[in-house]
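I opened my notebook to look up side-chain contacts. Here is what I was working from.

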There are 2 protein chains.
Amino acid sequence: MSSKPSIPKGTRDFSAVELAKRNYVTQIIKHNFEHFGYQPLETPTFENYETLMGKYGDEGDRLIFKILNSGNFFFDKNTLNLPTQIEELLQKDMDKLSKEEIISLNQFTQKISEKALRYDLTVPFARYVVMNQNQLEFPFKRYQIQPVWRADRPQKGRFREFYQCDADVVGSQSLWQEVELVQLYDVVFSQLNLKNTEIKINNRKILSGLAEVIGAANQLIDFTVALDKLDKIGEDGVKKEMLEKGISEKALEKLQPLFQFTGNNIEKIAQLETMLSQSEIGKKGIEELRFICENIEKIGLLTSQLVIDVTLARGLNYYTGAIFEVVASGVAMGSIGGGGRYDDLTGIFGLKNMSGVGISFGLDRIVLVLEELQLFPENVNQFTEVLFFNNDKDLVLIQKYIQELRKHHIKTEFYPDAVKTDKQFKYAEKKQITWVVKNIENEILDAKNIKSGTIFIGKLSEFLEKINE
Amino acid sequence: MSSKPSIPKGTRDFSAVELAKRNYVTQIIKHNFEHFGYQPLETPTFENYETLMGKYGDEGDRLIFKILNSGNFFFDKNTLNLPTQIEELLQKDMDKLSKEEIISLNQFTQKISEKALRYDLTVPFARYVVMNQNQLEFPFKRYQIQPVWRADRPQKGRFREFYQCDADVVGSQSLWQEVELVQLYDVVFSQLNLKNTEIKINNRKILSGLAEVIGAANQLIDFTVALDKLDKIGEDGVKKEMLEKGISEKALEKLQPLFQFTGNNIEKIAQLETMLSQSEIGKKGIEELRFICENIEKIGLLTSQLVIDVTLARGLNYYTGAIFEVVASGVAMGSIGGGGRYDDLTGIFGLKNMSGVGISFGLDRIVLVLEELQLFPENVNQFTEVLFFNNDKDLVLIQKYIQELRKHHIKTEFYPDAVKTDKQFKYAEKKQITWVVKNIENEILDAKNIKSGTIFIGKLSEFLEKINE
């Protein structure tokens with residue numbers, strides 16, 4: 001009971017300094033979400049088991065945290081009817097279980113667990129839209145910044161609890177929304193002083209078209225998974241993997257122009273037109289890509305670049321049109337954002353023909369990038385600005401002065417105990433407080449700026465002016 | 001799979017309108033927490049099982065949501081060794097289980113569940129302080145605004161997921177902290193325009209003293225639980241309950257002055273002094289109460305009243321000094337805040353002599369009170385301010401105009417599809433958007449304020465002035 005406590009692996013406590021940095025980023029994201037017409041939504045931490053299960057593939061199902069039925073479920077015998085067989089199954093090695101046995105175990109899990117922790121923000125959003133379809137006005141634009149949980153093996157930079165920051169709009173197929181989402185990425189990263197951010201764009205229909213023209217239409221996933229690795233394993237690696245997956249030498253020859261892709265977006269589109277002239281779906285993809293790129297060209301971006309990357313695949317089984325991925329310049333960090341168009345988000349809950357498009361910001365990585373590039377404002381973690389020392393005299397007067405400073409929006413603290421000045425100084429330093437008021441004599445404050453060393457002696461009204469300089 | 005989805009009972013989705021109201025309240029609370037020197041902390045959603053269990057009493061243990069071991073725990077046979085006996089126990093009625101059998105079931109729960117959802121913010125805070133005691137500077141002031149979960153039976157106004165807003169300071173016994181917390185309550189409720197809020201105050205030592213002088217010291221809990229019900233069941237009800245609990249007629253006679261308690265704080269303290277003149281602990285309680293009340297009297301409150309209420313007991317097994325409870329004026333809502341002094345918060349994790357004091361704001365109830373008294377600002381849920389209609393012409397120009405407005409911090413949206421004007425109008429109305437720009441001709445905007453009916457025709461720069469009026 002009294003052994004030193006710990007926190008679950010893969011989770012974090014966020015101290016004030018860390019929260020200050022995270023809030024700095026999320027405030028800029030929120031500000032722009034709202035300036036683009038997205039409204040906030042928050043969904044519960046846990047969803048019904050059946051809302052989540054089966055939505056993320058087998059691996060996803062395993063990574064969903066399940067909650068035991070309310071309270072101590074064993075106290076309610078009616079909720080559980082444990083088959084004898086379960087115990088036998090548990091003795092076996094997982095790999096040796098038959099499919100029927102696995103199903104039987106899953107059914108048991110379902111009996112003792114009706115709820116599970118949110119795995120992402122997209123499925124709860126879809127669930128919300130379907131539940132409220134008669135009240136909502138479409139297109140429905142929402143943003144959501146909340147934690148999600150995955151029972152992944154924790155490792156450096158991968159946590160079991162982490163935040164997602166999503167903006168999605170459902171109910172319109174207009175490509176102007178993609179155009180706006182590119183601008184949204186641009187303005188957020190510009191305001192974060194992350195210049196030259198690369199917003200990569202591709203289109204699922206182009207990937208389908210490419211697979212089609214090389215005769216690998218029925219190997220679309222294998223094809224794109226391999227292609228997506230181009231920057232990691234190079235041209236030879238990609239080709240080797242495709243060959244291993246049964247894509248023919250002849251098909252690879254037709255693919256060759258892809259590996260020589262160069263130039264600006266207009267030039268890339270021209271090359272794609274040549275390659276995909278025989279694919280209807282491919283041509284549709286080019287048309288969408290061109291619309292977005294041309295309009296962004298005309299409207300202009302602040303500091304980011306929109307760059308066509310035909311190898312970008314990212315969650316392919318999900319996206320149906322545009323695919324986005326964002327990488328920061330000058331730092332090796334992987335993607336700091338991603339998103340795309342999905343034509344049938346709410347279909348999983350029975351609401352058809354509800355096209356959506358959305359983007360996501362990778363909060364943890366953005367914080368790491370800003371730290372590495374030293375782009376946080378100097379005063380990002382400025383909390384208390386003034387500390388009044390406690391010399392065990394005039395304490396009511398001090399309280400009145402403090403009240404006055406707070407009224408003027410100065411974050412002000414009072415040291416509660418009349419201990420040695422050294423200790424009170426140390427407290428101010430450790431908390432990064434700027435000013436300490438050491439003494440008050442005849443309404444004259446004796447104060448010091450412990451960051452600059454400046455001494456102030458004067459009345460409260462003058463002190464207020466000094467602080468606000 | 002495609003049946004209409006739902007959310008778990010006792011949980012809520014928060015739409016934009018609801019979040020706007022909640023954020024209005026939490027922003028004011030956060031602002032003042034920080035202006036009083038409290039810094040933010042966030043702890044993980046789940047804690048280790050042993051961190052939480054045994055901290056909230058038997059009933060609390062049952063109400064803690066437990067999480068199944070990672071992923072599908074059944075797939076890892078080593079994590080579970082199910083005793084045959086368990087199945088037999090599950091067939092029995094809960095009430096008929098022996099203590100040994102309950103322990104055996106609990107041990108089983110512990111085997112399949114190592115984590116549990118946060119039940120309050122206080123125990124995670126204590127855990128954090130103990131884990132980081134060598135890094136923290138004391139007194140350590142933190143605030144925390146996060147959801148907690150309890151497997152309570154959901155009912156009107158009682159949820160399984162709800163937010164707590166706590167500010168606590170540990171590491172100092174100074175009563176100035178109580179004085180500041182009263183001011184903190186006062187300034188928050190004043191800024192929320194909740195005038196005449198009653199901040200009730202009592203002291204655990206006074207309750208102990210009262211029990212002592214009437215000869216019921218070993219029935220302190222029964223005594224205070226009954227006393228706490230005075231405003232619900234009246235004097236006769238309280239006496240009846242005390243008699244039933246074995247508190248003697250003679251003891252009740254000595255208690256009689258308590259039921260005639262009147263006057264202001266100073267007069268109440270005088271009456272307490274008479275009653276508790278023979279109790280050392282009672283006199284200590286009066287001394288603490290007097291310090292807080294007298295200093296608040298000298299410093300002054302904005303719009304609240306500090307009122308001594310000797311029947312206030314609130315979580316008695318927890319608090320050791322001051323006890324606070326806040327009720328709003330002019331509305332029947334129960335307490336909208338509470339807190340107190342606890343001398344041994346971190347003792348549960350082995351760190352002794354760490355006195356703390358804290359207060360909590362009841363977010364859900366405060367929102368309900370502000371709604372009932374119509375105290376939310378009129379524009380609290382103003383999101384998008386301007387909507388540009390889509391007539392399928394000049395769309396790039398419109399995008400540039402939108403960019404310009406957003407640069408000037410005007411929340412601006414573009415209707416993505418060139419549908420009938422009626423539909424676009426309806427969208428603006430439903431989203432409570434103030435201005436619609438219906439058309440642009442030769443750089444002249446044709447706009448309408450759909451709330452006031454005002455028509456605007458002019459250039460973008462003039463439109464900006466108009467909006468900012």
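I am reading a predicted model, where local features need pLDDT of at least 70, side-chain atom pairs count only at pLDDT 80 or more, and totals for chains, interfaces and linings use all residues. Residues are numbered from 1 along each chain as its sequence is written, chains are lettered from A and ligands numbered from 1 in the order written, and side-chain values use heavy atoms, with hydrogens and water left out.

**Rings.** I looked up aromatic pairs (Phe, Tyr and the six-membered ring of Trp, centres within 6.5 Å; planes under 30 degrees apart are stacked, over 60 edge-to-face, the rest tilted). The count over all chains is 34. One of them, Phe456(A) with Phe463(A), is tilted, at 5.2 Å between centres and 40° between planes. Both Phe456(A) and Phe463(A) are buried (under 20% relative accessible area with a 1.4 Å probe, protein chains only; exposed is over 50%, partly exposed in between).

**Charge over ring.** I then checked for NZ of Lys or CZ of Arg within 6 Å of a ring centre and within 35 degrees of the ring normal. Arg406(B) has its charged end over the ring of Phe36(A), 3.5 Å from the centre.

Asp168(A) is buried at 5% relative accessible area, and Arg142(A) is buried at 0%.
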